[in-house]
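Reader: I would like to go through this structure with you, starting with single residues and then turning to the ligands. Could you begin with the term we need for burial?

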Amino acid sequence: MYDTLIIGSGPAGMTAALYAARANLKVGLLERGVPGGQMNNTADIENYPGFDLISGPELSMKMYEPLEKFGVDNLYGFVQKIEDNGRVKRVITEEETFEAKTIILATGANHRHLGVPGEAEYNSRGVSYCAVCDGAFFRDQDLVVVGGGDSAVEEAIYLTQFAKSVTIVHRRDELRAQRIIQDRAFANSKISFAWNKTVEEIKGGDRQVESVVLKDTQTGELSELACGGVFIYVGLDPVSEMVADLGVTDEAGWVLTDDQMATSRPGLFAIGDVRQKHLRQITTAVGDGAIAGQQAYQYIVEQG
Ligand code: FAD
Ligand code: NAP
């Protein structure tokens, strides 16, 4: 029986583990993949205090390595379901069941798909959701990036080191990305913009993407843009299926908590990107994790 079982070892989960273990709780940190979460898909992080510039995988390892020293059990498993039986909660993975007095859900968010023809067909054959993973395969090619948020614009800039050109296709005429990131994109001669356009279809030959069909959101006019790859960054969906039955999410699946990271179920906390919140960042994930680690301790003390 764990005092606290944390699901997901992104920045939120790793910080919660650090705080809970330092409070002398018996902590399990359960992850389905490699530690770091979305940070593993980020080349350069420039807004994590204390580092001018650090790569996502390096920051992931810096957060992960000290945990063992504090006695955190690093566990592997894909969580399917969480059962809340009051004082004893169960976490069910594909292979085993864990028991814990408290659970901290830190499962983050997944990239969203466009849902247009050709997207699934050309996945990994020109369609990608990860510039850091796939960018180097697209040397000297014309690329399309879809979206207008921080991810789309930052990753478009990243891709210019490989690509001949990058066109950012955005459904409005104004970016959502932070101003400093926008300014860098506007100043980059390899980047151009297709404003007020949506991608209607991704087309290609037997092997690879060859073009996208664009629709003008104001006139409805269709056009075709030749490209060798399409990088899709149109936002995130919460990873919260495992608590779908527990009544702790909003309609879109984001988990609702108070400012102490507590859900409506005593002893069940949620942190990081999976929460309904305004600013999804590494810093805010880390802040949530610190609060939840401490609150898990408080809850166990109060339960006696
Ligand atoms: P995640 O990082 O999403 O981690 C969740 C973890 O839970 C994952 O490891 C996942 O494998 C695990 N998990 C999920 N489901 C299960 C399951 N069923 N069973 C077991 N484990 C599970 N933020 C910044 O501050 N600066 C940046 O420069 C920056 N750049 C970004 C670039 C990109 C391309 C993206 C997509 C995001 C970027 N962000 C950046 C946002 C930042 O990465 C996230 O806000 C942060 O990683 C959220 O942390 P988290 O721990 O809540 O979730
Ligand atoms: P996001 O901020 O939700 O932006 C999604 C973008 O995709 C928006 O521009 C949106 O358009 C567009 N979009 C959504 N659905 C679409 C569709 N069906 N077709 C076409 N376009 C669509 O998502 P994100 O950029 O992935 O960022 C996620 C979180 O991570 C944010 O909190 C972000 O701040 C954070 N992040 C931070 C950094 C950093 O700090 N450096 C870097 C990356 C990500 P509209 O603008 O019209 O809504």
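Author: A residue is called buried when its relative accessible area is under 20%, and exposed when that value is over 50%. Please note also that this is a predicted model.

Reader: Thank you. Is Ser240 buried or exposed?

Author: Ser240 has a relative accessible area of 7%, which is under the 20% limit, so Ser240 counts as buried.

Reader: Where is Ser240 placed, and which residues does Ser240 touch?

Author: Ser240 is found in the loop that runs between β16 (236-238) and β17 (268-270). Leaving out residues up to four places away in sequence, Ser240 touches Thr249, Gly253, Val255 and Val274.

Reader: Now Val132, please. What is its relative accessibility?

Author: The value for Val132 is 24%, so Val132 counts as partly exposed. Val132 belongs to helix α3, which covers residues 131-134.

Reader: Which residues is Val132 in contact with, apart from its sequence neighbours?

Author: Once neighbours within four places in sequence are set aside, Val132 has contacts with Asn41, Thr42, Ala43, Glu155 and Tyr158.

Reader: And how many Å apart are Val132 and Leu159 in space?

Author: Their C-alpha atoms are 8.4 Å apart, while 27 residues separate Val132 and Leu159 in sequence.

Reader: Let us change topic to ligand 1. How many residues surround ligand 1, and which are the closest?

Author: Ligand 1 is surrounded by 29 residues, with Glu31, Gln38, Asn47, Asp273 and Ile282 as the closest.

Reader: How much of the accessible area of ligand 1 does the protein cover?

Author: On its own, ligand 1 has 1000 Å² of accessible area, and the protein covers 93% of that.

Reader: Which elements give two or more residues to the shell around ligand 1?

Author: They are α1 (11-22), α4 and α6 (282-303). The most comes from α4, with 3 residues. By residue type, the shell around ligand 1 holds 10 nonpolar, 13 polar and 6 charged residues.

Reader: On to ligand 2. Which residues come nearest?

Author: The nearest of the 20 residues around ligand 2 are Asn47, Asp150, Arg172, Arg176 and Gln281.

Reader: And the polar contacts of ligand 2?

Author: An N or O atom in the Arg172 side chain is 2.7 Å from an oxygen atom of ligand 2. For Gln178, a polar side-chain atom lies 3.1 Å from an oxygen atom of ligand 2, and for Gly149 a polar backbone atom is 3.3 Å from an oxygen atom of ligand 2. The protein covers 78% of the 920 Å² of accessible area that ligand 2 has on its own.

Reader: What makes up the shell around ligand 2?

Author: The shell around ligand 2 has 5 nonpolar, 9 polar and 6 charged residues. Helix α4 (residues 150-159) supplies the largest share, 3 residues. Domain 1 and domain 2 both give residues to this shell, so ligand 2 lies between them.

Terms used: Residues are numbered from 1 along each chain as its sequence is written. Chains are lettered from A and ligands numbered from 1 in the order in which they are written. This is a predicted model: local features need pLDDT of at least 70, side-chain atom pairs count only at pLDDT 80 or more; totals for chains, interfaces and linings use all residues. Side-chain values use heavy atoms; hydrogens and water are left out. Helices (H or I, at least four residues) and strands (E, at least two) are DSSP runs, numbered from the N terminus. Buried means under 20% relative accessible area, exposed over 50%, partly exposed in between (1.4 Å probe, protein chains only). Contact means heavy atoms within 4.5 Å. A residue is near a molecule or strand if one of its heavy atoms lies within 4 Å of it. A polar contact is a pair of N or O atoms within 3.5 Å; within protein, one must be able to donate a hydrogen and the other to accept it, and residues adjacent in sequence count only if both atoms are side-chain atoms. Accessible areas come from the Shrake-Rupley method with a 1.4 Å probe; for residues, only the protein chains shown count as cover. Ala, Val, Leu, Ile, Met, Phe, Trp, Tyr, Cys and Pro count as nonpolar, Asp, Glu, Lys and Arg as charged, and the others, Gly among them, as polar. Domain bounds come from an automatic or database domain assignment.
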